[in-house]
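Hello,

Here is the structure I promised to pass on. My notes follow below it.

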Amino acid sequence: MKIRDAKVFVCCPGRNFVTLKIWTDQGIYGLGDATLNGRELAVASYLSDHVIPCLIGRDPSQTEDIWQYLYRGAYWRRGPVTMSAIAAVDMALWDIKGKALNTPVYNLLGGKSRTGVLVYGHANGQDIEQTVDEVAKYKEMGYLAIRAQTGIPGLPSTYGVAGDKLFYEPAEKGLPPENSWSTEKYLLHVPKLFEALRLKFGDDLHLLHDVHHRLIPIEAARLGKSLEPHHLFWLEDAVTAELQEGFRIIRKHTTTPLAVGEVFNAVWDAHILITEQLIDYLRMTVVHSGGLTHLKKIAALAEIYHVRTGSHGATDLSPVAMAAALHFDISVNNFGIQEYMRHTKETDEVFPHAYSFANGYLHPGDSPGLGVDYDEVLGAKLPYERAYLPVNRKLDGTMFNW
Ligand code: EZ4
Ligand code: CO
């Protein structure tokens, strides 16, 4: 079998998605997600201008060799653009492999290690009362794990609180919107949210929270300590993690489980966090971290150090990435949880898929390959629209982390 052709599709069914399609000379094709929120066209160009010409004529079953060719062969390594492009190729090749062997991709990764993939949904409100109501709605939909975010009194806007509750989408059309931030106000308010949630929903529900990189280690330590009575499933992205050693400080002070890594791209972004057991869940995803070929190695390393997976699964990961994530999640022993923000009906129409949600779990389905398709005709009617994630400033105007 040989790669005959490959093409990048950019579409915008309400938000932008970049999709790679690879065709073989045997009539089989595979799909890969290459979406990098707010920087979509850079990955599209990386693929079209620099990667696709090198793929034509290669044997698509050589997923390991092609991965190494694109990673080592580029000379310039790592980073979100490079690793998303490599991921898209890798996903498409695993999709082809599954279709050629007439089996779902999870069977090529070791088979099913569990009956379903535990997911968490996003509940967010302008205030604690509204967030409690939103959590109740997710509970009614069958979710067993829910991430809770709330507006902070005195801040006009904050991360995770949006207009559309079911289809929260952080990127906005036009130039980057600006949020504001106060660590002091935030640290005083968040424990009150989780106190209210435990009071209302008891101890069984898994509760999660995303700090979105807005604290420094000693502040994260204080937050982790103050949330201990409410036994979170995890505290996510408590600090930025370019400095992996920073997590030593948080770890020293709190037993609240820590998750990080949705912006990581390679094992070298997480090796200290893993080998020093500084985190409990790694949020790296198949699309931004070099595809299944790289992620399964990272999971194997993490397994040795008691670190479980907790893949990023926001709306900016297309259904192609979500499908690939589910095949990965169901197969590795040290799976933890999968984030699941629902795509809109418009997006699902462009990407018909075999995976489905029931009783708090996602199931990858039994279609050969990844079990997801791309409607080229519909996609062509929905051209790219410039959109950005917000930026974040402290109350005095200082540029801060989003
Ligand atoms: O900010 O997907 O846990 N989920 C998140 C997301 C991310 C966006 C970035 O593109 O933090 O909302
Ligand atoms: Co997050």
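At what angle do helix 6 and helix 7 pack, and how far apart are their axes? First, some ground rules. This is a predicted model, in which local features need pLDDT of at least 70 and side-chain atom pairs count only at pLDDT 80 or more, while totals for chains, interfaces and linings use all residues. Residues are numbered from 1 along each chain as its sequence is written, chains are lettered from A and ligands numbered from 1 in the order in which they are written, and side-chain values use heavy atoms, with hydrogens and water left out.

**Helix 6 and helix 7**

Now the answer. Helix 6 (residues 183–201) and helix 7 (residues 217–227) pack at about 20°, with axes 9 Å apart. Therefore helix 6 is roughly parallel to helix 7. (Angles under 35 degrees count as roughly parallel, over 145 as roughly antiparallel, 65 to 115 as roughly perpendicular and the rest as oblique. Axes are lines fitted to C-alpha atoms, for helices over the stretch in contact, and angles run from 0 to 180 degrees between N-to-C directions. Helices, H or I of at least four residues, and strands, E of at least two, are DSSP runs numbered from the N terminus.) The crossing is right-handed, meaning that the near helix is turned clockwise from the far one by less than a right angle.

From helix 6, Thr-183, Tyr-186, Leu-187, Leu-188, Val-190, Pro-191 and Phe-194 take part. They meet Glu-219, Arg-222, Leu-223, Ser-226 and Leu-227 of helix 7. Contact means heavy atoms within 4.5 Å. By class, these residues are eight nonpolar, two polar and two charged. (Ala, Val, Leu, Ile, Met, Phe, Trp, Tyr, Cys and Pro count as nonpolar, Asp, Glu, Lys and Arg as charged, and the others, Gly among them, as polar.)

**Helix 1 and helix 3**

Helix 1 (residues 40–55) and helix 3 (residues 80–100) cross at roughly 55°, and their axes come within 9 Å. So helix 1 is oblique to helix 3. This crossing is right-handed. Helix 1 brings Ala-42, Val-43, Tyr-46, Leu-47, Val-51 and Leu-55. Helix 3 brings Val-81, Thr-82, Ser-84, Ala-85, Ala-88 and Val-89. The contact has 10 nonpolar, two polar and no charged residues.

**The cobalt site**

Asp-210 (OD), Glu-236 (OE) and Glu-262 (OE) coordinate the cobalt ion (ligand 2) at 2.0 to 2.2 Å. Donors are N, O and S atoms within 2.8 Å of the metal (3.2 Å for Na, K and Ca); water is not among the atoms, so sites may look incomplete. Along the chain, the donor spacing is D-x25-E-x25-E. The glutamate pair links distant parts of the chain, 26 residues apart: Glu-236 is in strand 9 (residues 234–236), Glu-262 in the loop between strand 10 (258–260) and helix 9 (271–275). Both Glu-236 and Glu-262 are buried. (Buried is under 20% relative accessible area, exposed over 50%, partly exposed in between, with a 1.4 Å probe and protein chains only.)

**Single residues**

- Trp-181 lies in strand 7 (residues 178–181). At 2% relative accessibility, Trp-181 is buried. Beyond neighbours within four places in sequence, its contacts include Tyr-186, Arg-214 and Phe-400.
- His-212 is not a glycine, yet has a positive phi of about 55°. His-212 sits in the loop between strand 8 (206–210) and helix 7. Its relative accessible area is 3%, so His-212 is buried.
- Asn-359, also not a glycine, has a positive phi of about 50°. Asn-359 is in the loop between strand 14 (356–358) and strand 15 (361–363). At 63% relative accessibility, Asn-359 is exposed.

Best wishes
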